[in-house]
Amino acid sequence: MKIRHKITLWISGIALLAALALASFIFKELLEEPLRLIDNELTFMAESLFSQGESSSSEPWRIDDAALPHPSGQYWIKVVDPENEMVYASSLTQFTEIPERRGGHSRYNAEQVIPRAAIDLGQDDGDEVAFRVRVFARQVNGRVLTMHIAKPVEELEEEMIHVLLQALLGLLICMTLIVFVSYFLAGRILQPVVVMTRLARKISEDSLDQRIPLNKNNDELTALGQALNLMLDGLQYSFTRQRAFISNASHELKSPLTRLLLTQDELVQNQDLSPEIRVDLDRQLTTMRWMKKLIQNLLNLSHLEQQDILVLETVNLSVLFSGVLENYQEMLAATAIAVHIALQEDMVLQGDRLKLQRLFINLVDNAIRYNDPEQGKLNITGKKSDGACIIEVDNAGLTIPLADQEFIFEQFYRVEKSRAAGHGGVGLGLTLCQKIVELHGGQIQVHPSDLGGTKFRVILPC
């Protein structure tokens with residue numbers, strides 16, 4: 001789950017709890033206040049009835065409605081003596097009997113079924129009427145009398161249900177707004193992190209000069225940006241030193257090695273050498289040539305990394321590839337490799353001719369070097385499709401194991417683990433190929449070949 005979603009959930013959850021607590025408190029107060037007023041009304045009514053009962057000498061009591069705060073017909077009233085004999089009953093008692101709540105509660109709510117046809121008390125659809133009941137005990141004329149007095153509160157109950165539904169609807173609308181607002185605020189809070197992440201993805205070994213912009217708030221995100229920029233400073237310094245070292249070391253090694261090669265060539269040409277010495281010199285000369293190729297590849301790679309610029313011109317890939325293949329005609333003629341070439345003529349793009357030539361030379365050289373020496377096959381195809389030029393170099397040699405395919409473009413990686421000079425190159429050719437393709441905004445892929453060997457596919461935008 002994303003941090004933005006977590007922040008939204010936390011803010012919404014806390015807001016929901018706070019809103020529920022506040023709504024519960026308000027609803028409780030809204031519910032208790034009317035009941036408190038009704039209880040006071042029932043108390044006042046009961047006091048008035050007890051006062052009239054004390055002045056009444058007959059039973060049942062004779063009540064003067066005009067002297068009461070409210071007409072007695074609006075209340076369910078029953079007064080009984082200690083023997084449970086009726087002392088007074090209002091007119092509502094003929095329609096229903098309100099049971100006494102167990103436990104001696106002096107105030108409670110009750111619901112009774114009273115047909116609407118008998119009397120209209122605001123019944124609901126089930127003819128149920130809610131009553132607020134109070135119980136009083138008072139000594140009157142030497143006897144302790146118990147009064148049950150209740151008032152119909154069906155309309156109040158329905159009004160409270162209506163208020164509750166409105167409150168729930170308002171709470172739902174409020175929570176919806178809170179979710180949207182919290183999601184928006186979380187996005188604003190995390191915006192600097194998003195910017196840092198987007199820029200960090202763009203920063204690579206080839207773009208370490210970019211830095212994360214810092215805000216002026218001097219907060220934790222600013223401290224994080226400063227720490228990342230310091231890390232990038234260190235990485236850039238290390239990579240620059242490393243590239244400079246490779247370039248300088250390669251240049252320093254190239255000159256003495258060239259002199260050694262010239263000297264070795266002159267020694268090999270000496271006709272007075274014994275066969276044993278000549279074999280040793282040839283072996284040393286092969287090793288020196290391999291070292292020269294290694295140093296040259298290091299120089300090429302260093303040049304590509306330090307000068308990531310392309311000398312763009314219009315390049316016809318089919319013509320360029322054909323020129324590369326002409327240089328290998330003598331080598332191919334000396335082998336049993338069957339060559340098949342199918343290149344479309346309209347593969348034209350804007351690219352660096354020399355770098356693309358180096359790319360194709362490396363691919364063809366590898367395809368020949370690792371081909372089947374007895375029944376070799378080399379298929380070179382090229383076509384233009386969906387705005388891209390696709391070139392495939394396919395051979396019938398050994399297939400690169402799946403476990404090695406993801407590493408073959410790394411520097412000095414070789415599938416042949418003995419790393420002997422006679423078994424291949426120096427492990428930099430494919431690294432150079434990938435670098436050249438990436439500079440042109442393309443892709444290079446490796447797949448098992450239908451011929452039994454390995455297929456390299458180059459995709460360049462054109």
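Is R369 buried, exposed or partly exposed? In this predicted model, where local features need pLDDT of at least 70, side-chain atom pairs count only at pLDDT 80 or more, and totals for chains, interfaces and linings use all residues, R369 is partly exposed, with a relative accessible area of 37%. Here buried means under 20% relative accessible area, exposed means over 50%, and partly exposed lies in between (1.4 Å probe, protein chains only). Residues are numbered from 1 along each chain as its sequence is written, and side-chain values use heavy atoms, with hydrogens and water left out.

The overall picture comes next. The secondary structure of the protein chain comprises nine helices and twelve strands, where helices (H or I, at least four residues) and strands (E, at least two) are DSSP runs numbered from the N terminus. Of the 462 residues in the protein chain, 36% are buried. The accessible surface comes to about 27,500 Å², and carbon and sulfur atoms hold 57% of that area; the areas come from the Shrake-Rupley method with a 1.4 Å probe, and for residues only the protein chains shown count as cover. Among contacts with a separation of 6 or more, 64% join residues 24 or more positions apart, a contact being heavy atoms within 4.5 Å.

Side chains of opposite charge can pair when their charged atoms come close. The whole structure holds 13 salt bridges, each defined as a side-chain nitrogen of Lys or Arg within 4 Å of a carboxyl oxygen of Asp or Glu. One of them joins R132 to D39, with the closest N and O atoms 2.8 Å apart. This pair links distant parts of the chain, since R132 sits in strand β4 (residues 128-140) and D39 in helix α1, 93 residues apart. Both R132 and D39 are buried, and a network of salt bridges links D39, R107 and R132. Another bridge connects D352 and K355, with 3.2 Å between the closest N and O atoms; D352 and K355 are both buried.

R369 returns at this point, as its side chain meets that of D365 in a salt bridge (2.8 Å, N to O). The two residues lie in helix α7 (residues 353-369), four residues apart, about one turn of the helix. D365 counts as buried because its relative accessibility is 19%. N395 belongs to strand β10 (residues 388-395) and counts as buried at 5% relative accessibility. Leaving aside neighbours within four places in sequence, the contacts of N395 include N366, A367, Y370 and K377, as well as S449 and T454.

Beyond neighbours within four places in sequence, S182 is in contact with T8, I11 and S12. R201 also has its place in helix α2 (residues 154-202), but R201 is exposed, with a relative accessible area of 72%.

Towards the end of the chain, the buried residues of helix α9 (residues 429-439) include L430, L432, C433 and I436. Just after α9, G441 takes a positive phi of about 75°.
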